[in-house]
Amino acid sequence: MPTTSTPRLTDAEIATALAALPGWTHVGDGIERSFRFADFVEAFGFMTRAALLAEKADHHPEWSNVWNKVEVRLTTHDAGGITAKDVALATAMSA
């Protein structure tokens with residue numbers, strides 16, 4: 001079993017967190033969202049800002065970018081699921 005100092009959230013805690021995060025969905029052991037922008041430059045700008053937040057938090061997303069779309073998946077691998085770190089980064093990315 002994975003060990004971490006950040007405990008996994010319960011399904012109820014995940015549901016409560018996602019109620020405050022429109023667009024994010026619980027999929028398997030992570031949370032996911034698709035962001036769409038006017039063009040590639042806006043999408044890349046978003047990724048740059050999010051990368052700085054992720055690096056500061058030492059919590060990095062799984063993501064991909066095609067032109068104006070950025071697909072994001074957050075999970076805490078060493079916890080084996082969703083933790084407060086994922087919710088915090090999702091909140092920051094949604095802001």
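Reply: With strands and their pairing: helices (H or I, at least four residues) and strands (E, at least two) are DSSP runs, numbered from the N terminus, and two strands pair if DSSP finds at least two bridges between them. The model is predicted, local features need pLDDT of at least 70, side-chain atom pairs count only at pLDDT 80 or more, and totals for chains, interfaces and linings use all residues. Residues are numbered from 1 along each chain as its sequence is written, and side-chain values use heavy atoms, with hydrogens and water left out.

Me: Which residue in the hairpin of β1 and β2 takes a positive phi?
Reply: Gly 28 does, with a phi near 60°, and the hairpin has two residues between its strands. Strands β1 (residues 25–27) and β2 (residues 30–36) run antiparallel and are joined by three bridges. Across this pair, His 26 stands opposite Ile 31.

Me: In which sense do β2 and strand β4 pair?
Reply: The sense is antiparallel, over six bridges, with β4 covering residues 69–74. Val 72 in β4 is the bridge partner of Arg 33.

Me: Where do Asp 58 and Trp 67 lie?
Reply: Asp 58 sits in the loop between α2 (40–57) and β3 (62–66). Trp 67 belongs to the loop between β3 and β4.

Me: Is Asp 58 buried or exposed?
Reply: The scale is relative accessible area: buried means under 20%, exposed over 50%, partly exposed in between (1.4 Å probe, protein chains only). Asp 58, at 56%, counts as exposed. Trp 67 is exposed too, with a relative accessible area of 51%. Over the protein chain, buried residues make up 36% of the 95 residues.

Me: What pattern does the protein chain follow along the sequence?
Reply: The pattern is α-β-β-α-β-β-α, from three helices and four strands. The radius of gyration is 13 Å, close to the 12 Å that the globule rule gives for 95 residues, so the chain is as compact as a globular protein of that length. That radius is taken over C-alpha atoms, and the rule is 2.2 Å times the number of residues to the power 0.38.
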